[in-house]
Amino acid sequence: MNLLIENAVVFTNHDHGGILNDHSVAIEGTHIRDIGPTSELSSKYADFQRLDAGGRLLMPGLINAHMHFYGTYARGLALRQAPTNFEEILSKLWWKLDSSLDLDAVYYSALVPAISAVKNGVTAVIDHHASPNAVDGSLDKIEEALTLLGLRGVLCYEVSDRDGKEICKKGLSENARYIKKCRDARESNSDHLYDAMVGLHASFTLDNDTLKQASDLSQSTERGCHIHVLEGEVDRTRTREKYNSDVVERLEQTGILGAKSIAAHGIYLTADGIDRLASTDTMLVHNPQSNMNNAVGRADIFTFLDKNILTGIGTDGMSADIKPDVRTANLLHKHDLRDSNVGWSEIQRMTLKNNPMIYERLTGQKIGRIEKDCLADVILVDYYPPTPMTADNIWGHVLFGIADAVVDTTIINGRMVMQNKQIPGLDEERLAAQSRECTERVWKKFFS
Ligand SMILES: [Zn+2]
């Protein structure tokens, strides 16, 4: 489809683009072809389908760089006994929940947040999935859910030895199978919506032989690893106890780190660990809401950025929308450091520049900017700035206005997946009811 979005205020999010008033954007197929004044583009693209933006803000879709779709089924789940530390949060909530998922639950727990992502202007998600009793085909189920919406994604299965060697092996196979599936799809269609990584839980639940196999898979397929790194102190202490090793040193030595790998969290990184991530060019994703929710501490994003670690931002399953985490990041570091001047430009960089760069590094696709030849992942937002909006002050508008504004239209890969706040053909109420039915089964298993 060729589409001309007319009469928009365009936030290009590229270095020299700025804010363009009364502009139009021409989308040809899956990519952005042209940007120019509405008066010029109207005649130039006379045969394109028209969409009147009505003076709304047109900006690139947002990216969530670390997500767990299956976390949906923790919503409203009341534990009989409160966990007392992060290790118990994992063992008494998350590992019990992921063990209770079947393939239907994988599908619906991805579908519900995928709807929310599209509604909130998130157009691409890097997910990290676990369902140890439904491993085979689980990534296909997530892809199926995202496909229903048209949401873009990079998926992986969370390999771990915590459920034994057989399930661990299945996890590795699921990653290998899905990597191949995505590669084949990309070969026949360069605009394919999905890509894959090698998913790994965290150092303290991964034996040496598993890390070796994951590293071999990563190298043979040229896909990076996606792993939690020092989210809690437990990663450091248990890795020392079980493997007599330092977490980051171990991951580096086994070949898990690298320019296409993502380390999520990094709260307990030492200076040496930060240097190792920097020297291997490993990417890092900060998840402020989750870190606060688990009371695990604050990641030193300032040092990460100073050391040129490509640092992005994710939700870690807390929400499908990235904006609450962006706002939380803005507040968390100020609050924790008792310094109202920190975290402004850094969070802007992580959200608007680094998340697209992370996605681009993983997939090779140009994304996150309204620029010729970039993928047409854009959103129209009901935002009419009450004060002057320029390239220099856009971040203030994002944090204190755009983050609260309603998304009207979401376009992914050149396709209108939501228009006038409606997702065509989607019966959300019915799907939510089906999800609740599924949850009953999952929760019954959880408490059995
Ligand atoms: Zn996570």
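The chain is divided into domain 1 (2-61 + 366-418) and domain 2 (62-363), with bounds taken from an automatic or database domain assignment. This is a predicted model, in which local features need pLDDT of at least 70 and side-chain atom pairs count only at pLDDT 80 or more, while totals for chains, interfaces and linings use all residues. Residues are numbered from 1 along each chain as its sequence is written, and side-chain values use heavy atoms, with hydrogens and water left out.

The C-alpha centres of domain 1 and domain 2 are 29 Å apart. Domain 1 puts 32 residues into the contact and domain 2 puts in 28 residues, contact being heavy atoms within 4.5 Å. About 2400 Å² is buried between domain 1 and domain 2, and carbon and sulfur atoms give 61% of that. Buried area here is the accessible area (1.4 Å probe) that two parts lose on being put together, summed over both. On the domain 1 side, Ile 367, Trp 395 and Leu 399 lose the most area to domain 2, together 28% of what that side buries.

Elsewhere in the list of pairs, Asp 404 forms a salt bridge with Arg 327, with the closest N and O atoms 2.8 Å apart.

Next, the cores. The largest nonpolar core has 111 residues, and among those with the most contacts inside it are Leu 57, Leu 200 and Leu 269. Such a core is a set of buried Ala, Val, Leu, Ile, Met, Phe, Trp, Tyr and Cys residues joined through side-chain atoms within 4.5 Å. This core draws at least three residues from each of domain 1 and domain 2. A second, separate core of 18 residues includes Ile 27, Ala 53, Ile 370 and Leu 380.

Not counting residues up to four places away in sequence, Glu 158 touches several histidines, including His 68, His 129, His 201 and His 228.

Conventions
Buried < 20%, exposed > 50% of the residue type's maximum accessible area, 1.4 Å probe, protein only. Salt bridge = Lys/Arg side-chain N within 4 Å of Asp/Glu carboxyl O.
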